[in-house]
Amino acid sequence: MLPFAPDTLVIAALIIPLIGALLIPLFHTAPNARESVTLATAAALAFTVWSLLPHILAGGRPEAVDLAVVPGLDIAFKVEPLGLLFALVAATLWLVTSIYSIGYMRGNNEPRQTSFYVCFAVALWATMGIAFAKNLFTLFIFYEVLTLSTYPLVAHKANAVAIRAGRIYLLILIGTSMILLLPAIAWTWVLAGTLDFTPGGILGGKASPLMLGVLLALFAFGIGKAALMPLHFWLPAAMVAPTPVSALLHAVAVVKAGVFTILKVVVYTFGIETLAYSGAGSWLVYVAGFTLIAASLVALRKDNLKARLAYSTVSQLSYVILAAAILTPISAVGAAMHIAAHAVSKITLFFAAGAIYTAAHKTEISELAGIGRRMPWTMGAFAIGAISMIGLPPTAGFLGKWFILSGAMQTGQWLPVAVIVASTLLNAAYFLPIVYTAFFEREPVAHSAGAAAAHHDHGEAPLPIVVALTITAAATVGLFLFPDVALTLAKLMAGV
Amino acid sequence: MSALTAQLAGLQVVVPLLGAILSAFIRRGTLAWAWAALVTATTPVIAFALLFQVWTRGTISYHLGGWPPPIGIEYRIDLLNAFVLVLVSLVSTIMMPYARRSVAYEIDGDKQAWFYTMYLLCLTGLLGITITGDAFNAFVFLEISSLSSYVLIAMGRDRRALVASYQYLIVGTIGATFYVIGVGLLYLVTGSLNFADIAARLGEAAGAYPRPVLAGLAFLFVGISLKLALFPLHVWLPNAYAYAPSFATAFLAATATKVAIYLLLRIAFSVYGVALDFGSLHLSTVLYPLSIAAMFIASLLAVYERNLKRMLAYSSVAQIGYITLGIAIANQAGLTGAVVHLFNHALIKGGLFLALGAIVYRTGTIKLDDLGGVGRTMPLTFAAFVIAGLSLMGVPGTAGFISKYYLVVGALDAGKWPVAFLIVASSLIALVYIGRAIEVAYFRPVAEAVAHAKDPPLMMLVPILILALASVYFGIDTELSAGVASRVAEALIGGLK
């Protein structure tokens with residue numbers, strides 16, 4: 001067996017990113033050493049989290065720390081399958097993103113790189129806290145830490161647009177969590193007398209269907225990171241951040257923390273059966289379905305590549321919420337799978353967008369004609385990510401959708417089925433033209449010196465960037481071919 | 001040794017009082033500072049000893065000059081005022097190392113010794129109000145602390161400090177007058193000036209003279225509300241805090257209003273509440289709307305303020321609103337929230353004002369628009385500002401969250417969920433004004449005044465960091481804050497008729 005006890009590993013996972021955050025500023029003047037610290041921290045974290053896997057698969061549920069802040073509010077951690085899956089995805093992709101960041105931040109001469117890496121490490125620390133939280137209170141603390149630590153990353157460029165985006169980011173995320181999520185947690189405490197995540201839920205028989213419905217609404221909208229419409233607009237605004245931030249945080253850690261929390265609340269706080277029996281969750285299908293379609297329609301009209309990806313994320317997040325709202329164990333499996341699948345695919349797409357920006361300084365889709373020939377690796381990876389977004393085999397995106405659809409069909413819920421089919425078509429409609437433009441359209445011929453400068457001769461982005469996006473693209477296919485780990489964890493979570 | 005232990009209650013006031021008198025004979029500023037720091041440092045030792053005695057053996061009754069109450073003056077220490085004594089003396093002691101540089105920078109050499117004299121007198125007054133069990137004695141200490149704080153404020157560099165001090169003098173005198181009228185009415189109907197004695201006789205007196213008893217409460221309430229800056233009686237506070245010397249602002253913000261709130265708690269719960277039905281006093285009826293107005297209106301005023309000290313001053317008015325809201329809720333959780341926020345807010349606001357003082361010390365300005373990039377040139381100072389600011393917002397994991405949690409639970413227990421909603425909604429406004437300061441400090445280009453600034457000397461920096469870290473520490477380990485506060489609330493509720 002492994003040399004470390006599982007609870008030591010849990011504590012290690014919660015300490016390693018913090019140590020990194022403290023060490024990085026010491027190497028402020030030596031960028032190479034500083035980036036080595038980031039890489040070493042990310043590698044150590046990924047190793048630690050992967051080391052937990054055998055314990056969880058063997059049925060262990062390691063716990064660590066139990067600190068009563070005031071009676072009823074405990075800071076405590078307990079690793080369960082869904083949390084581990086989320087932590088695995090985040091920690092592994094942090095390592096890849098760290099490689100990518102080096103190429104991106106240096107390639108674009110970004111200012112204040114030290115504070116950038118520090119905030120990144122703190123954000124990952126918060127993500128681990130969310131993934132391993134034993135109760136709602138602990139999750140809530142790290143949820144807020146995640147918002148606060150990513151705010152400086154959103155406002156990183158420090159121009160008027162970035163500062164405005166930062167304001168929206170803070171106001172929406174802190175606002176919803178304070179006004180809706182906090183009362184929801186307090187109310188849960190009053191109803192159930194505990195905040196612990198418990199298989200089967202803690203609210204069964206504790207509240208009327210109407211109260212459950214209202215409480216679910218407080219949770220669903222209070223968790224602003226899940227970007228349910230109409231509280232989604234912080235996410236497109238946050239795209240002003242440097243691309244590694246958009247890639248890891250606003251396609252993986254932050255937004256997944258949102259849907260992860262919703263899934264966790266539905267499965268472990270309400271209990272799937274409690275919600276399904278009371279019918280209190282049926283409205284969520286409509287809101288999630290609406291967000292899914294509406295965000296896709298908006299994405300269709302965006303010419304800015306990152307903006308289109310952002311709306312695609314809003315739409316894809318609602319797959320997870322929709323899957324949770326279908327309220328069958330098999331669709332919950334689909335939700336968990338989609339968290340992992342969307343993470344690897346969307347990060348690939350963002351990596352590609354950042355590679356294009358670094359190599360060609362282009363941000364609009366209409367400028368991308370013929371770029372596939374200059375940057376074959378980048379656009380090849382982009383194509384794989386796009387196929388996964390649409391949900392076609394042999395990519396990871398297919399798996400999540402498959403389970404969500406089977407869950408909906410089993411219980412005869414035809415509305416979610418229709419929504420998913422429609423959104424698949426929409427996804428194809430806004431992703432395939434990009435791939436087509438990149439590979440099959442001709443690059444416009446330069447007529448003047450100015451235009452020639454605009455289309456300056458460029459090849460692929462710096463090597464770290466290409467390496468990173470190749471890894472994630474391979475993972476997108478790999479997750480389809482070898483879904484065992486993710487699938488087992490998802491099934492353990494849903495109890496099927 | 002045991003003779004000394006028996007005299008602790010007296011020493012709590014006598015030591016700083018004598019210290020103040022001796023300090024007046026010192027010429028040199030640095031020497032006066034050292035003396036004041038030494039005297040201040042004895043007060044938390046005594047206060048902790050008293051808290052320990054109360055914790056283990058219950059209420060202490062100390063007869064000043066050996067005259068038994070109700071004829072003589074009694075110092076009566078229970079958990080509530082032992083807690084406030086610890087708070088006031090401890091925060092002052094933490095702040096003292098900071099004072100030397102800051103006072104030397106802001107106040108002329110020949111006046112520094114006077115400043116420390118007035119500071120020690122003010123500390124004496126605040127400790128005296130807290131420790132005494134005698135209504136008139138409290139008035140005397142109230143005047144000592146008020147008169148000395150007028151002088152402290154008037155010593156600010158800006159000439160507007162004189163106007164601010166004068167404004168506070170007028171309002172404060174009205175407040176003191178109202179208080180003494182209230183005490184007079186109580187004396188007329190009960191024939192006593194001792195709080196416990198009044199409480200014992202008030203029930204009977206209320207039967208005979210219902211109107212003077214209630215009028216007495218009204219006078220006491222308005223008088224104390226002026227001192228604690230209850231909205232809308234707060235108008236003196238923003239100017240006083242904005243123009244006072246930095247150290248005086250931090251000291252007064254952390255202690256003076258807290259002591260006034262203590263006095264309100266004492267009179268509402270230990271005097272009137274013991275004798276009469278609490279609901280019939282209609283304190284909650286008055287406090288609910290005023291507290292909620294304070295939470296929202298004062299916070300919004302803070303948002304529109306470009307002078308950082310005034311911004312935090314308005315924020316103080318808002319935060320006092322949370323404390324009085326807890327008093328209005330008047331159940332176990334609500335009162336715990338009020339008392340724990342008394343404690344937490346002293347740490348938070350003390351830390352914030354000290355950080356601003358350090359910024360003044362290094363840049364000479366306190367206007368937000370002149371402070372672009374200050375977060376980068378004074379990293380530790382501003383990091384402390386951010387941490388204390390997060391606590392002010394009530395981010396989970398900080399002391400401010402604990403306060404708000406108890407207040408929300410108190411409101412829910414009282415069946416007032418709209419109030420719970422207003423508590424969380426108003427704390428968002430703090431996000432706006434603290435967030436704006438953060439934006440300017442980190443994301444604006446470095447301004448001229450800030451360019452050559454750096455973190456202040458360690459003597460100033462360490463108190464700032466201690467208070468900032470304390471406002472996080474007490475969000476995780478709440479034994480000393482919420483633990484004691486909850487027992488205090490239990491005692492106050494348990495004493496009610």
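How many helices and strands does chain B have? Chain B has 20 helices and two strands, where helices (H or I, at least four residues) and strands (E, at least two) are DSSP runs numbered from the N terminus.

1. Basis of the model. This is a predicted model, in which local features need pLDDT of at least 70, side-chain atom pairs count only at pLDDT 80 or more, and totals for chains, interfaces and linings use all residues. Residues are numbered from 1 along each chain as its sequence is written, while chains are lettered from A and ligands numbered from 1 in the order in which they are written.

2. Confidence. The model has an ipTM of 0.84 and a pTM of 0.89. The average pLDDT of chain B is 91, and 100% of its residues score at least 70; pLDDT is the predictor's confidence in each residue, from 0 to 100.

3. Dimensions of chain B. With a radius of gyration of 21 Å, close to the 23 Å that the globule rule gives for 497 residues, chain B is as compact as a globular protein of that length. The radius is taken over C-alpha atoms, and the rule is 2.2 Å times the number of residues to the power 0.38. Along the principal axes, the C-alpha atoms of chain B fill a box of roughly 70 × 55 × 40 Å.

4. Packing of chain B. Buried residues are 64% of the 497 in chain B; buried means that 20 or more other C-beta atoms, placed from the backbone, lie within 10 Å of the residue's own. Of the chain B contacts between residues at least 6 apart in sequence, 81% join residues at least 24 apart. A contact requires C-beta atoms, placed from the backbone, within 7 Å.

5. Chain A. Chain A contains 20 helices and two strands. Its radius of gyration is 22 Å, close to the 23 Å that the globule rule gives for 496 residues, so chain A is as compact as a globular protein of that length. The C-alpha atoms of chain A fill a box of roughly 75 × 55 × 45 Å along the principal axes, and 60% of the 496 residues are buried.

6. Helix 13 of chain A. This helix (residues 329-360) has 32 residues, which at 1.5 Å a residue should span 46 Å, and its end C-alpha atoms are 46 Å apart, in agreement. The expected span is 1.5 Å times one less than the number of residues. Helix 13 of chain A is mostly covered, with 30 of its 32 residues buried. His361(A) follows helix 13 of chain A and has a positive phi, near 55°.

7. Helix 3 of chain B. For the 29 residues of this helix (residues 29-57), 1.5 Å a residue gives 42 Å, and the end C-alpha atoms are 42 Å apart, which agrees. Just after helix 3 of chain B comes Gly58(B), with a positive phi of about 90°.

8. Strands of chain B. Strand 1 (residues 60-63) and strand 2 of chain B run antiparallel and are joined by four bridges; pairing requires at least two DSSP bridges. Tyr62(B) is opposite Tyr75(B) in strand 2 of chain B. Strand 2 (residues 74-77) of chain B is covered on both faces: Glu74(B) and Arg76(B) on one side, and Tyr75(B) and Ile77(B) on the other, are all buried.

9. Interface. Chain B has 21 residues in contact with 18 residues of chain A. On the side of chain B that touches chain A, the elements giving two or more residues are helix 17 (399-413) and helix 18 (417-443) of chain B. Helix 18 of chain B gives the most, with ten residues.

How values were computed. Two residues are in contact if their C-beta atoms, placed from the backbone, lie within 7 Å. A residue is buried if 20 or more other C-beta atoms lie within 10 Å of its own, exposed if 12 or fewer, and partly exposed in between; C-beta atoms are placed from the backbone.
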